[in-house]
Amino acid sequence: MGECSLTDFSYFGGAESLPETSRSPRRTVVVSPSANDGGKSHPGPPLSPADFLWIMTEEPHRSRRMAIMKAHPKVTKLMGHEPLTKYVVLGVVLLQLSVAIYLRNTHPLSFTFLALAYVVGGTANHNLFLAIHEITHNLAFKGINANKALAVFANLPIGIPYSAAFKGYHLEHHKHLGEDGVDTDLPTNLELLCLNNVFGKTFFATFQILFYALRPGFVRTQTLTKWHLINLVAQFIFDYILVRTFGMRPLLYMLFSSFFAGSLHPCAGHFIAEHYVWDGLDQETYSYYGPLNVLAYNVGYHNEHHDFPSIPWTRLPALRALAPEFYDTLPSHPSWPMVIINFIRDKEIGLFARAKRLEKRKRLTGDTPSN
């Protein structure tokens with residue numbers, strides 16, 4: 001009798017309905033548990049997969065920035081540019097160029113080509129994505145134009161010009177975090193409709209680099225500047241010289257690298273980890289403090305970055321150490337690779353798990369979100 005009571009007969013057929021499944025395990029952790037969140041149980045109920053999480057509150061980073069500056073006035077000493085950035089960029093660009101030339105006589109579908117494109121190229125180009133992210137905040141040089149020029153240079157091994165466009169969209173992401181129709185980091189209603197299942201999430205995670213590249217143009221157009229033209233011309237000249245000198249395969253290596261960098265790659269977990277809402281929380285931004293930050297300009301320190309975009313990557317750990325009472329009590333992710341896996345397999349997370357707020361103009365006129 002005791003043995004039978006432990007058997008779930010629904011697995012063997014005959015059950016009219018399956019028992020209600022339990023929730024997924026909690027995926028985020030809390031470094032310093034508090035009375036409000038011990039880091040073990042789910043802080044809130046799961047989100048509805050039918051729509052995004054619409055909120056009416058202000059984005060949290062401005063108020064936390066003001067509180068930290070009041071509690072720790074020395075935080076301003078962490079601000080400023082980081083001279084090391086330009087040397088890291090130069091090294092990674094030369095690495096990618098060297099590997100691309102090395103593979104000029106290797107078939108693009110061979111194991112060697114694909115393995116190097118994934119392991120070396122995917123990691124290197126992801127590093128360059130995040131170098132451009134860092135440079136976008138003018139944290140490599142004191143001068144604005146010098147930063148823009150370095151971003152164009154960092155863009156070269158990526159194969160497709162995007163650094164100039166990224167700057168405008170990313171600064172809006174900071175200034176208008178979560179605002180529907182302005183923050184192009186947010187999934188669209190069409191993505192929610194078409195990708196709200198395991199297959200759709202797998203497709204999104206595999207091709208997320210394409211979503212981040214193409215979505216902004218559909219959501220919000222940009223005014224073109226001379227730097228868009230410089231970015232385009234410089235990339236075209238680089239690609240042309242590379243192909244004319246060494247053939248098509250080096251360029252294919254760089255394009256494959258860019259695809260892998262934004263696909264099912266360990267570092268690409270940060271795209272999902274940063275702003276998707278997990279574990280029933282209403283928290284909009286999540287950090288990650290693991291070892292992959294070494295390859296990614298410490299972008300895992302994402303709450304810290306959004307609170308203080310003027311602090312460069314090398315000093316973000318110092319910011320966290322300066323104000324642990326503000327950061328160590330916030331739920332964070334223990335693993336970027338597991339973020340991708342859990343995003344795909346967990347029912348409680350999906351394209352719907354993003355906090356959205358109405359555009360400021362619509363909030364002032366009293367508009368409501370349309371479902």
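Contact here means heavy atoms within 4.5 Å. The model is predicted. Under that cut-off, valine 89 is in contact with Leu128, Ala131, Ile135, Leu150, Phe153, Ala154 and Tyr297, leaving aside its neighbours within four places in sequence.

Val89 also belongs to the largest nonpolar core, which holds 49 residues. Within this core, Val89, Phe204, Tyr276, Trp278, Trp336 and Phe343 touch the most other members. Several helices supply at least two core residues each: helix 3 (84–102), helix 4 (111–136), helix 5 (144–155), helix 8 (198–206), helix 9 (208–219), helix 12 (269–273) and helix 16 (336–345). Helix 4 gives the most, with 7 residues.

Open space was examined next. Two or more lining residues come from each of helix 4, helix 6 (163–175), helix 9, helix 11 (249–261) and helix 12. Helix 9 provides the largest share of this lining, 8 residues. By class, the pocket lining has 19 nonpolar, 9 polar and 3 charged residues.

The model contains 5 cavities of 30 Å³ or more. The largest cavity has a volume of about 60 Å³. Ser24, Pro25 and Arg27 line this cavity, together with Val277, Trp278 and Asp279, and with Asp346, Glu348 and Ile349. These lining residues divide into 4 nonpolar, 1 polar and 4 charged. Trp278, one of the residues lining the largest cavity, is also among the core residues that touch the most other members.

The second largest cavity has a volume of about 50 Å³. Its lining consists of Leu177, Gly178, Leu186, His275, Glu284, Arg354 and Ala355. By class, 3 of these residues are nonpolar, 2 are polar and 2 are charged.

Conventions
Residues numbered from 1 in each chain as written. Predicted model: local features only at pLDDT ≥ 70, side-chain atom pairs only at ≥ 80, totals over all residues. Heavy atoms only, no water. Core = buried A, V, L, I, M, F, W, Y, C linked by side-chain atoms within 4.5 Å. Buried < 20%, exposed > 50% of the residue type's maximum accessible area, 1.4 Å probe, protein only. Helix = DSSP H or I, 4+ residues; strand = E, 2+ residues; numbered from the N terminus. 1 Å grid on protein atoms, 1.4 Å probe; cavity = no way out; pocket = protein on both sides within 12 Å on 5 of 7 lines; lining within 4 Å. Points joined across faces, edges and corners; volume = space filled by probe spheres on them. Nonpolar A, V, L, I, M, F, W, Y, C, P; charged D, E, K, R; others polar.
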